[in-house]
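Please view the sequence and the model before reading on.

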Protein chains: 2
Amino acid sequence: MSKIRLEATAIDLRFDESILEQVQQAHDYLHQNGGSAGHGFLGWIDPPAESGELAEELLGAAAYIRGKADVLLVIGIGGSYAGGRAGIEMLTHPFRNQLPPEQRNGPEIYFLGQNLSASYIKGLLSILEDRDVIVNVISKSGTTTETAIAFRIVLGWMHNKYGAKETARRIIATTDRSKGNLRRISEAGDYRTFDIPEDVAGRYSVLTPVGLLPMAVAGIDIQSMLRGARDARDQYSTCDLTQNICYQYAVARNKLLNQGKLIEILVSYEPGMALFAEWWKQLFGESEGKDGKGIFPASVQFTTDLHSIGQYVQQGPRHLFETILWVEDAHCNVELPELAGDPDELNYLAGKTLNFVNEQAFFGALQAHTEGDVPNLVLRIPRLDAQHVGHLFYFFEKACALSGYLLGVNPFDQPGVEMSKRNMFKLLGKSGSTL
Amino acid sequence: MSKIRLEATAIDLRFDESILEQVQQAHDYLHQNGGSAGHGFLGWIDPPAESGELAEELLGAAAYIRGKADVLLVIGIGGSYAGGRAGIEMLTHPFRNQLPPEQRNGPEIYFLGQNLSASYIKGLLSILEDRDVIVNVISKSGTTTETAIAFRIVLGWMHNKYGAKETARRIIATTDRSKGNLRRISEAGDYRTFDIPEDVAGRYSVLTPVGLLPMAVAGIDIQSMLRGARDARDQYSTCDLTQNICYQYAVARNKLLNQGKLIEILVSYEPGMALFAEWWKQLFGESEGKDGKGIFPASVQFTTDLHSIGQYVQQGPRHLFETILWVEDAHCNVELPELAGDPDELNYLAGKTLNFVNEQAFFGALQAHTEGDVPNLVLRIPRLDAQHVGHLFYFFEKACALSGYLLGVNPFDQPGVEMSKRNMFKLLGKSGSTL
């Protein structure tokens, strides 16, 4: 695997002594598993082995689903949603669900339970009427409202379609090993299950069965992905800041925050990375946004958004910086043809590729934004394959955990999310709920 | 049509004398069409008549496309992209392209030219191989790189598929009335064309043929949409701030900016509104983000993102406010069934609807965020139908123009977008380009 590299424009990546001490302390929190707030949530530090028992079981379940179903319906929200979907959208055909089965590599995959929209759930179920469906419901507790409601509705729909006995063979639950409603329901219903490790918070769970099972069903090589993640673990286990680009990224963004850069914009040049940006926004927003602290995580897709908030980036208030995900070797390409008479004045590009033009757009924007006083961090990703994506997931998880500790918050809790929920339960009339 | 209403929490909507004078001046800029920077770009102030010649021509072209094609391929970027797609996603089935033809109401509709991704363009064309395609290429100048490149590639693909003569009957160009490459190409190729008014900037062009033709092809009642927009024009033509909620919104957000609220988050509770948020981000980001000024426009989809950056909104730095698009009467609904034994503990919601639960989530988040010191503006939209969406497009266009003038910038130019482009052309080796 070629290495991911970190570059920076208009940012001094030299760091002074005081930050080195803080990095050492944060590093110790992560590796000595004690003493810090959130120390019970470090299970993600060691991703599953690529050829261990879990990987085998996941591949077995994926083969079962791929052999039996036209459609996998994944029900989950938050950390039980974004990562798996991000991996699938990055690594498979941009119109995967619309491909004919022989080109698709696995069943169609849809996501449900990530909102409370009646038109979405009704619309989705309407196109699945005559399809053969298997459900993967994902919830650590089983009490997350959106997931539980969607699952109840889907369960009724499946019973109508298949009857109770066959429905039970078509549900796979990913949940806590021993506790919670979904575990209890799964045991009563005799569903196949996968465990969400107790010591992994939702937003750090993409490399557990939460994300791995849907990705495996999509035909993604999850063993390569785990290999990439474990490479990243090894590569980023050193506290030597000169060697560890994951820590460099974490330290750089905290330095930028201290310089008044309040907003970080994650930039990609491939539309398939849009969901990865959503995963990243949850990871950082939920880990850091507390105690009145945290960088506001935003995202853009270039070049689409160069024609949109690109104007703001170039000339608005100077309180933002960009982190660019640049893929060096796009896995496919299109060459621009010559056109007689050159009516659109593009013949100067004839014989050039779309990737080449995309790259010049990237260079052009990088230079313009840097000159416009927007610092840029660039992550150069050799290829978008399962191994590099596994590496990337791990890179950002570890960077986020370190960054949270540098900021002085617990990167593994989410006390603010509870407030909206409590209000909602009160309004819904749930017994036992109080404001 | 029921009225759209504006409510606010934690924001004092009373305004002092000095702001009233500024509003009067900005209002005069917009209505007297002279004296201001950007005065040549006020064509959007009067939306086309619902039963005028243009509406008839658009309906005629839409009928032709609906009768002839399986697929409409729309090629455009920025203002020639986001609005039409937003309207279609808000007003049609969430999986419209995957519905069987008899349920779909018009051809499948895809968008191209809004990025430089080889895998996207190749992926899209691969699923269209055996479909009957008509193309709508949209560009005022015809020199926008993404659009021109996609159009050149598609033209070659169409020639292979249909030959030159039939291809010409399958291309409709939306472009400047008399100038530019695309106008010249259209005349040479004998394509049917629609005009983009000279006095409307891209991001204000959704209610011109740019947005209206794709929406009409999708079966959206564009005459109702224009009626809604013209209602909005009448309703927001008064300078009386107590009567004009469009101006109230513009003034409130400037007041919030002056109080240190640097980020505005547009919130919706329907996933179908995600593209509308992208349209809104371009409108405000490109209109206001200049001269070191402007509110950073961000967006979230709740309840999805209550489980993501909801944490940051609740407890991060207090430099943000929310503008919520709340749809009062969702056009479809799902009732929650009773489940024997109540294994998921949701029977307290049996007989309640998904919309009811979504509404309590909205109330719960509104209250929690307000208590968390995040000011909230709420736009209550009676229904998501063509008429109300037309009203909404106009509401935000006029609010944005007024807001830009209040901020002291020209809301109709985009000088910063040119810088990235110039760099790119230089790097691409385009003759005549200089840095």
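The model is predicted. In chain A, the domain assignment gives domain 1 as residues 5-37 + 227-411 and domain 2 as residues 43-220. Their C-alpha centres are separated by 29 Å. To the contact, domain 1 of chain A contributes 27 residues and domain 2 of chain A contributes 25 residues.

The interface between domain 1 and domain 2 of chain A buries about 2,300 Å², and carbon and sulfur atoms account for 65% of that area. Of the area that domain 1 of chain A buries against domain 2 of chain A, 25% comes from Arg230(A), Leu275(A) and Glu397(A), more than from any other three residues.

Polar interactions also link domain 1 and domain 2 of chain A, with ten residue pairs in polar contact, both residues being at pLDDT 80 or more. Three helices of chain A, α9, α11 and α14, each supply at least two residues of the domain 1 side that touches domain 2. The largest contribution to this side is that of α14(A), with nine residues. By residue class, the side of domain 1 of chain A that touches domain 2 of chain A comprises 15 nonpolar, four polar and eight charged residues.

The helices concerned have these bounds:

| Helix of chain A | Residues |
|---|---|
| α9(A) | 222-235 |
| α11(A) | 274-288 |
| α14(A) | 386-407 |

Three salt bridges are found across the interface of domain 1 and domain 2 of chain A. A salt bridge also joins Glu50(A) to Arg227(A), with the closest N and O atoms 2.6 Å apart.

Key: Residues are numbered from 1 along each chain as its sequence is written. Chains are lettered from A and ligands numbered from 1 in the order in which they are written. This is a predicted model: local features need pLDDT of at least 70, side-chain atom pairs count only at pLDDT 80 or more; totals for chains, interfaces and linings use all residues. Side-chain values use heavy atoms; hydrogens and water are left out. Domain bounds come from an automatic or database domain assignment. Contact means heavy atoms within 4.5 Å. Buried area is the accessible area (1.4 Å probe) that two parts lose on being put together, summed over both. A salt bridge is a side-chain nitrogen of Lys or Arg within 4 Å of a carboxyl oxygen of Asp or Glu. A polar contact is a pair of N or O atoms within 3.5 Å; within protein, one must be able to donate a hydrogen and the other to accept it, and residues adjacent in sequence count only if both atoms are side-chain atoms. Helices (H or I, at least four residues) and strands (E, at least two) are DSSP runs, numbered from the N terminus. Ala, Val, Leu, Ile, Met, Phe, Trp, Tyr, Cys and Pro count as nonpolar, Asp, Glu, Lys and Arg as charged, and the others, Gly among them, as polar.
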